Amino acid sequence: MAAYLLKSKNLINHLKPRIGLFGSIVSDCSLSSCLTHYQKSKFDPNLRNPDEISRIKSTLFVPRRFESVRAEKQLSSHDVDDDEKENSQVLEFPIGKVTFSPEMKFEAESSEQCVPCYRILDDNGQPIAHSNFIELSEDVAVKMYINMLTLQIMDTTFYEAQRQGRISFYVTSTGEEAITVASAAALRIDDVIFPQYREPGVLLWRGFTLQQFTNQLFGNKDDYGKGRQMPVHIGTNKLNYFTVASTIATQIPHAVGAAYSLRMDKKNACAVTYFGDGGTSEGDFHAALNFAAVTESPVIFICRNNGWAISTPVSDQFRSDGVVVKGRAYGVRSIRVDGNDALAIYNAVSAARKMAIEEHKPVLLEALTYRVGHHTTSDDSTKYRPADEIEFWRTKRDPITRFRKWVQQNRWWSDEAESELRNNIRKQIVQAIQNAERLEKPSVTELFTDVYDALPLNLREQESSLRETVRRHPQDYPPDVPV
Ligand SMILES: Cc1ncc(C[n+]2csc(CCOP(=O)(O)OP(=O)(O)O)c2C)c(N)n1
Ligand SMILES: [Mg+2]
C-alpha cells in the first residue's frame, strides 16, 4: 500500500492535510512496530473487588491511582528522573502525587508521533511480523467472513431498491464491515449494544435474519418497530440491541448508564456503544467518557473513525491526534486499531471486554477506517471529496478482500464457496424483498401505542384527528396503511 501511495503523489498530498491522522496507516513500518502484546501481560490475581473500592472511596482525600495490570507503561513528559524527584516537593492532591517544577512549561497540544495503530493482517491478508493474536477457530473465522460478505451484498441490493423507489432510505456500511462484524464476534449475546446507524453487522452476527432486516426497511406489520422508525433504525430486545440512535451521540451516555447497572447487578456482561468520529464532536461523548471513568463502568466505546461526518472531514472536527488520545484525558484506557483488519478488531475487542468486565475498566477503541459509500441515500459524496480517494479505499484497503485472503490461505474458504454464497445471499434478499412488499403495513393505531399504559387525552385527540384527516384526504395517504 505504501508503494501505491508513493506512486500517487497527488493522492498523498490531498490526503495529508485533510485526514492527517491516517498518516499512521501510510507507513507499514510504523504499524509493525506498534503491536501491543496484551496477551503477554498476566491477569492480576488480586483484582480489586467493588466492596474494597467503595471502602477506599469513602476517604475522599486519599490519593489513589489504579495501576493498570494490562495497559503498557507509557513514557510521558511527566516522567521525572531520580534527582529531580529527590529535590522536588510533592503536592498530595486527590488526583495523585504532583511534583513541582521551576520550569514554566506548557503541555504540548499534540505529541510528535501519532498513536500507533494496532494491526495483525497487512493489506495482503498476511499476518505481519511478530503479530501475536488469539487463534480463531475455523467456525468463527468463516462465520465472520460470511457475515461481512452478506453485509456487502445487502448494501448493494438495498441501495438499488432505494434507487428504484421501493424503500425510502438506506445507509450502507461499505468499507466498515470488519469493525462491526469482528467486534460482535468478540462479544457475548448478553453484552448490551447501543448503536449509531452503521452497525447492522452486529445484528447479522447475532442472528437477525435477512427477512427481519427487510421487514424493517419496508416498515410492514412484521417490523419490530411497527413502522414507526426510519429504515435502518432497527432495535430488538431479543438480541440486546437498543434501537438505533441517529440523533448523534445520544446513545453514548445511555451505554454508560447501562454498564453501571450491569456492574451493580454483578453481571458477567458489558455495554458496548458504537459511534462515528462525528459523535465525538458532541458533548455527550465527553460526558459519557468521564462518567464511565469515575463510575468504573464496564463499557466499551467503539469509535468508527471513517474520516467524515457527512461532508465534514475529521480535520475540521478536531486538531487532536484523532479520538484515541481523548480517552487518556478522561482516565479511560484506549487503543487505536486498524478498522479494516478484522483480526485486529476481534483481538482488541476481546481484550477490551475482559478489561471492562474483570477490571471494571471502561475502554475506548478508535478504529481507523473510511466511509466508502455515500453518507446515506440522501447524499452524493463526490460533491465534497475526490473520487480517487474513495476508489483508493474501495480497491486497495477493502476489509473483506483482506480477510478473505487470510481465510483462504488457511484453506477454510474457496472460490467455489464464494460464488455459491454470493448467489445464495442475493437470491435470499430478493425473495425477502418480495415477501416484505406483500405484507400489509401496521395500522395507524400503532402510532400511538407502546409509550403510555393508558393513552392520555391529547394523544386520543390526535389519533381521532388523524383518522378524520385521512378520511377527508385519502389521496394524500398511502393506500396500504390500515386506518
Ligand atoms: C444531534 C445531531 N446533530 C446533527 C445530526 C445530523 N447528522 C446526521 S449523521 C451526521 C454525521 C455523523 O457522522 P459520524 O458520527 O462520523 O458517523 P458516520 O456517518 O461517519 O458513520 C450528522 C451531523 C444528527 N442526526 N443529530
Ligand atoms: Mg464519520
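At what angle do the axes of helix H8 (residues 177–186) and helix H14 (residues 342–358) cross, and within what distance do they come? They cross at roughly 40 degrees and come within 8 Å. The structure is a predicted model, in which local features need pLDDT of at least 70 and side-chain atom pairs count only at pLDDT 80 or more, while totals for chains, interfaces and linings use all residues. Residues are numbered from 1 along each chain as its sequence is written, and chains are lettered from A and ligands numbered from 1 in the order in which they are written.

**View 1. Helix H8 against helix H14.** Helices (H or I, at least four residues) and strands (E, at least two) are DSSP runs, numbered from the N terminus. Axes are lines fitted to C-alpha atoms, for helices over the stretch in contact, and angles run from 0 to 180 degrees between N-to-C directions. At roughly 40 degrees, H8 is therefore oblique to H14; angles under 35 degrees count as roughly parallel, over 145 as roughly antiparallel, 65 to 115 as roughly perpendicular and the rest as oblique. H8 passes H14 in a right-handed crossing (near helix turned clockwise from the far one by less than a right angle; left-handed if anticlockwise). Residues in contact (C-beta atoms, placed from the backbone, within 7 Å) include Ala-178 and Ile-179 of H8 and Tyr-346 and Arg-353 of H14. The contact comprises 10 nonpolar, 2 polar and 1 charged residues, where Ala, Val, Leu, Ile, Met, Phe, Trp, Tyr, Cys and Pro count as nonpolar, Asp, Glu, Lys and Arg as charged, and the others, Gly among them, as polar.

**View 2. Helix H11 (residues 251–264) against helix H12 (residues 283–295).** The axes lie 8 Å apart at an angle of about 15 degrees, so H11 and H12 are roughly parallel to each other. H11 passes H12 in a left-handed crossing. Among the residues that meet are Val-256 and Tyr-260 in H11 and Phe-285 and Phe-291 in H12. This contact has 10 nonpolar, 1 polar and 1 charged residues.

**View 3. Helix H7 and helix H17 (residues 415–438).** The 26 residues of H7 (residues 138–163) should span 38 Å at 1.5 Å a residue, and the end C-alpha atoms are 38 Å apart, which agrees; the expected span is 1.5 Å times one less than the number of residues. Gly-165, which follows H7, has a positive phi near 85 degrees. H7 and H17 pack at about 45 degrees with their axes 10 Å apart, which makes H7 oblique to H17.

**View 4. The surroundings of ligand 1.** Ligand 1 is surrounded by 16 residues, the closest being Ile-248, Gly-276, Gly-278, Gly-279 and Ala-309 (C-beta atom, placed from the backbone, within 6 Å). Strands S4 (271–276) and S6 (308–309) each supply at least two residues of this shell.

Methods:
Two residues are in contact if their C-beta atoms, placed from the backbone, lie within 7 Å.
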